Amino acid sequence: MATFAVVVSDPETGNSYQLEVDDQDANRFIGRSLGDEVDAGAVGLEGYTLELTGGSDQAGRPMRADVDGPDLEELLLKGGVGFKPSREGERKRATVRGAEVSDEVVQINAKIVETGEESVESLLGLVEDEDEEDDEE
């Protein structure tokens, strides 16, 4: 079974949350490509929608949106995901993974594109209830 670390970024607050998904929830991501929208219920954010923005495999090779399929490819890169040139005109051959999520991917990056009723912090249990704080005093 696939297991992913899903890094969810919230553009409104600028916060990121790393969440683990496995089994049935991980299957919602298999076969999806970068740029696709996914129901965030898989990571515990009911009512939210995520857009897949990137990811990497177990060796740290990044996913590129311009490479079809889930396989590895060696590309001659002049910049972008997978290579940052240190001087003008520099190019480098690098191995990158395709845009499709497969069992080989270990981390998926996503951003929130549609928000739900409750805040992200309350859905993930990161905010203490005000009633609990009053009881402690």
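Colleague: What makes aspartate 57 buried?

Modeller: Its relative accessible area is 2%. Buried means under 20%, exposed over 50% and partly exposed in between, with a 1.4 Å probe and protein chains only, so aspartate 57 counts as buried. A word on the basis: this is a predicted model, where local features need pLDDT of at least 70, side-chain atom pairs count only at pLDDT 80 or more, and totals for chains, interfaces and linings use all residues. Residues are numbered from 1 along each chain as its sequence is written, and side-chain values use heavy atoms, with hydrogens and water left out.

Colleague: Why is the pair of arginine 61 and aspartate 57 called a salt bridge?

Modeller: The rule asks for a side-chain nitrogen of Lys or Arg within 4 Å of a carboxyl oxygen of Asp or Glu. Here the distance from N to O is 2.9 Å, so the pair meets the rule. Arginine 61 is partly exposed, because its relative accessibility is 24%. A network of salt bridges links Asp57, Arg61 and Arg97.

Colleague: How many salt bridges does the rule give?

Modeller: The count is 5. One of them joins the side chains of arginine 87 and glutamate 90, at 3.7 Å from N to O. Arginine 87 is exposed, as its relative accessible area is 57%, while glutamate 90, with 18%, is buried.

Colleague: What makes the salt bridge of arginine 28 and aspartate 39 a link between distant parts of the chain?

Modeller: The N to O distance is 3.6 Å, and the two residues are 11 apart: arginine 28 is in the loop between α1 (23–27) and β3 (37–39), aspartate 39 in strand β3. Helices (H or I, at least four residues) and strands (E, at least two) are DSSP runs, numbered from the N terminus. Arginine 28 has a relative accessibility of 35% and therefore counts as partly exposed; aspartate 39, at 41%, is partly exposed too.

Colleague: Which elements does the chain have, and in what order do they run?

Modeller: The chain has 3 helices and 7 strands, running β-β-α-β-β-β-β-β-α-α from the N terminus. Helix α1 holds aspartate 23, which has a positive phi of about 55 degrees without being a glycine.

Colleague: Now to the nonpolar side. What makes a group of residues a core?

Modeller: A nonpolar core is a set of buried Ala, Val, Leu, Ile, Met, Phe, Trp, Tyr and Cys residues joined through side-chain atoms within 4.5 Å. The largest one has 26 residues, and Phe4, Phe29 and Val43 have the most contacts inside it. β1 (3–9), β2 (16–22), β4 (49–57) and β7 (105–114) are the elements that give two or more residues to this core, and β7 gives the most, with 4 residues. A second, separate core has 6 residues, including Val67, Leu75, Ala94 and Val96.

Colleague: Why is the pair of phenylalanine 4 and phenylalanine 29 called edge-to-face?

Modeller: Rings of Phe, Tyr and Trp (its six-membered ring) pair if their centres lie within 6.5 Å; planes under 30 degrees apart count as stacked, over 60 as edge-to-face and the rest as tilted. The centres of these two rings are 6.3 Å apart and their planes stand at 80 degrees, so edge-to-face is the label. The rule finds 1 aromatic pair. Phenylalanine 4 lies in strand β1 and phenylalanine 29 in the loop between α1 and β3, 25 residues apart, and both are buried.

Colleague: What is alanine 99 in contact with, leaving aside its neighbours within four places in sequence?

Modeller: Contact means heavy atoms within 4.5 Å. Among the partners of alanine 99 are Arg32, Leu34, Met63 and Val67. Alanine 99 lies in the loop between β6 (92–97) and β7, and its relative accessible area of 7% is why it counts as buried.

Colleague: How does the radius of gyration of the chain stand against that of a compact globule?

Modeller: The chain has 18 Å, whereas a compact globule of 137 residues would be near 14 Å. The radius is taken over C-alpha atoms, and the globule rule is 2.2 Å times the number of residues to the power 0.38. The C-alpha trace spans about 60 × 35 × 25 Å along its principal axes.
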